[in-house]
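Have the model open as you read, and take the points in order.

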Amino acid sequence: MQRHPLRKIVRSLLLGVLLSLSPALAQAACSFTISDLNFGSVNLLGASTYDSTATVNISCTNTDLLSLTYRICLNLNAGGVPATGSTRNLANGSSRITYQLFQDANRTVPWGSNTSTGFGNPPQVNMLVLPGVTLNATRTIYGRILGPQATAPGGLYTSLFSGAGGANFTYAPLALATACSNINQNPTRPQFTVRANVDRTCNVNALPMNFGTHGVIDSVVDATSSLSVTCSTGLPYTIALNNGETGTAPDQRRMTRGNQAVIYGLYQNAARSRVWGPAADQGVGSVGTGAGQTFPIYGRIVPQTTPSQGVYNDTVVVTVTY
């Protein structure tokens, strides 16, 4: 008769202990911050690569009496600018440039998201948090912009990662879910901004001009060459040609050999009626399109006293002002 109450008391105590253990699985709280990712100034006219990084800061506190292991899933979606397929974008008004985010310093493993699977998988972080301890960790986001993206006008391009379209970090006890695709608990959306400043700039390439071989300069000798200029979309520019190494005017340039010279001129038009020189009213102007623009150069040697035989050269400096 004395044993039945004791059994009931023991069972009640055991049930009370089991109930106190179950809430412990939710007693770790994690917070996150992300630094901005700034590519700085980029020149996208050529095939250059621009890299930058941001840092994810993780802080988890265990307020329970048991050690807890949590799996944290660091989902990054498209950000504030819609993606193009699996590629993220930065925006300046209606203009776009593309970039990508990676998990590794070699930029080979994309940083993805469970909800935007076209970007790939998100990285995961496992954290064992001891009772009464706050544990901190970091993870690096590796960004890359690839050129050329020459049609993009110059200016500041940004994407704000905020809300459901930005970062969505989730976490849960490792014992409950082993794959990030199954972890939707504790959604946290830290904000950060990705930015790049696209330079308003120009590139220029020039082909040599060859007047050929002549015995006596007793008639007009013509030759042509060309310049290719690539400038940022919408950027006005002007091309000037100096008078060469020893010339005195656009039509009085000098190809030299020692102290002897052949006089020649450079012109904007095939009729050789508009000189191409260094003065403000002697240049050729245009507006950049992001693609190469070709400008012919017309050369002329007029009849003159023929100097001694040999090779005569001159160097003309091309200046693009924008």
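1. A charge counts as sitting over a ring if NZ of Lys or CZ of Arg is within 6 Å of the ring centre and within 35 degrees of the ring normal. The charged end of Arg139 meets this over the ring of Trp111, 5.9 Å from its centre. Over the ring of Phe119 you will find the charged end of Arg88, 4.0 Å from the centre.

2. A word on the source: this is a predicted model, where local features need pLDDT of at least 70, side-chain atom pairs count only at pLDDT 80 or more, and totals for chains, interfaces and linings use all residues. Residues are numbered from 1 along each chain as its sequence is written, and side-chain values use heavy atoms, with hydrogens and water left out.

3. Rings of Phe, Tyr and Trp (its six-membered ring) pair if their centres lie within 6.5 Å; planes under 30 degrees apart are stacked, over 60 edge-to-face, and the rest tilted. This rule gives 7 aromatic pairs. Among them is the edge-to-face pair of Phe39 and Tyr99, with 6.3 Å between centres and 70° between planes.

4. That pair links distant parts of the chain, 60 residues apart: Phe39 is in strand E2 (residues 37-42) and Tyr99 in strand E6 (residues 95-102). Strands (E, at least two residues) are DSSP runs, numbered from the N terminus.

5. Phe39 is buried at 8%, and Tyr99 is buried at 2%.

Note on methods: Helices (H or I, at least four residues) and strands (E, at least two) are DSSP runs, numbered from the N terminus. Buried means under 20% relative accessible area, exposed over 50%, partly exposed in between (1.4 Å probe, protein chains only).
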